[in-house]
Amino acid sequence: MELQTKRLLLRPFTEDDAADLYDYARDPRVGPRAGWPVHESAEKSLEIIRKCFDAQYDFAIVEKASGKVIGSGGLVDRHRDWLPGKDDEIGYVLHPAYWGQGLVPEAMGAVLRLAFEELDLDHVWCGYFDGNEQSRRVQEKLGFQPWGEPQWVDVPLMGERRLEHFSLLRRSEWESRR
């Protein structure tokens, strides 16, 4: 499955994307904020593509102008039982060279259209770890609202506990913003 926006193509990862993934995943400003360690090599990035980016709604975020993979994002099959109905969680990361251009809201806007129009979800969750103000702002731009109290959660890939903030976007709220 592919999704398109004005500037981006969202498509499944391929093994040929390992160098592009490594280009942003080696930056300490990316993975640790999202709860995973810095990639130490392109081989590690290839391993991640083979083992982790296999879900139906995991997307490589490709800049159309260059054809370069500049991030990843999609729907994570991690349901919450806090509200009745069908839900999923959205997640994303972006190469720091592309920060501040509105690309994550653009890409995740396409993912939200998929979630609400094609998958018929009732709501979509998102979270960010304490201190990740960029992710908080992206969620606000997309219409997510804070939900509940922040919780201390295990971050197994980093071997630590962090305070996670949760936000929620209901289909009705999403529809009213269109």
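How many aromatic pairs does the count come to by the ring rule? The count is three, where rings of Phe, Tyr and Trp (its six-membered ring) pair if their centres lie within 6.5 Å. This is a predicted model, in which local features need pLDDT of at least 70, side-chain atom pairs count only at pLDDT 80 or more, and totals for chains, interfaces and linings use all residues. Residues are numbered from 1 along each chain as its sequence is written, and side-chain values use heavy atoms, with hydrogens and water left out.

**Confidence**

- The mean pLDDT of the chain is 92, and 96% of the residues score at least 70; pLDDT is the predictor's confidence in each residue, from 0 to 100.
- Helices (H or I, at least four residues) and strands (E, at least two) are DSSP runs, numbered from the N terminus.

**Aromatic pairs**

- A pair of aromatic rings is described by the distance of the centres and the angle of the planes.
- Planes under 30 degrees apart count as stacked, over 60 as edge-to-face and the rest as tilted.
- Phenylalanine 116 and tryptophan 174 make a tilted pair, because their ring centres are 5.2 Å apart and their planes stand at 35 degrees.
- Phenylalanine 116 belongs to helix α4 (residues 103–118) and tryptophan 174 to helix α6 (residues 171–177), so this pair ties together parts that are 58 residues apart in sequence.
- Phenylalanine 116 is buried at 3% relative accessibility, and tryptophan 174 is buried at 8%; buried means under 20% relative accessible area, exposed over 50%, and partly exposed in between (1.4 Å probe, protein chains only).
- Tryptophan 125 and tryptophan 147 form an edge-to-face pair, with 5.8 Å from centre to centre and 70 degrees between the planes.
- Tryptophan 125 is in strand β6 (residues 123–129) and tryptophan 147 in the loop between β7 (145–146) and β8 (151–155), so the pair ties together parts that are 22 residues apart in sequence.
- Tryptophan 125 is buried at 0% relative accessibility, whereas tryptophan 147 is partly exposed at 25%.

**Charges over rings**

- A charge sits over a ring if NZ of Lys or CZ of Arg is within 6 Å of the ring centre and within 35 degrees of the ring normal.
- The charged end of arginine 29 sits over the ring of tryptophan 99, at 5.4 Å from the ring centre.
- Arginine 162 has its charged end over the ring of phenylalanine 129, at 4.8 Å from the ring centre.

- Ser135, Val138, Gln139 and Leu142 are buried in helix α5 (residues 133–142).
- Down the axis of α5, these buried residues fall within an arc of 95 degrees, so they line one face of the helix; the arc is that of the directions from the helix axis to the C-beta atoms.
- The buried residues of α5 pack against β5 (87–94), α4, β6, β9 (160–170) and α6, where contact means heavy atoms within 4.5 Å.
- Just after α5, glycine 143 has a positive phi of about 100 degrees.
- In helix α3 (residues 42–52), the buried residues are Ser45, Leu46, Ile48 and Ile49.
- Exposed Glu43, Arg50 and Lys51 are carried on the face of α3 turned away from its buried side.
- The cover over the buried residues of α3 includes α1 (18–25).

**Nonpolar cores**

- A nonpolar core is a set of buried Ala, Val, Leu, Ile, Met, Phe, Trp, Tyr and Cys residues joined through side-chain atoms within 4.5 Å.
- The largest core has 30 residues, and Leu10, Ile90, Met108, Leu112 and Val124 have the most contacts inside it.
- At least two residues of this core come from each of β2, β3 (58–63), β4 (69–76), β5, α4, β6 and α5.
- Helix α4 supplies the largest share of this core, ten residues.
- Another core, of 15 residues, lies apart from it and has Ala18, Leu21, Ala60 and Val69 among its members.
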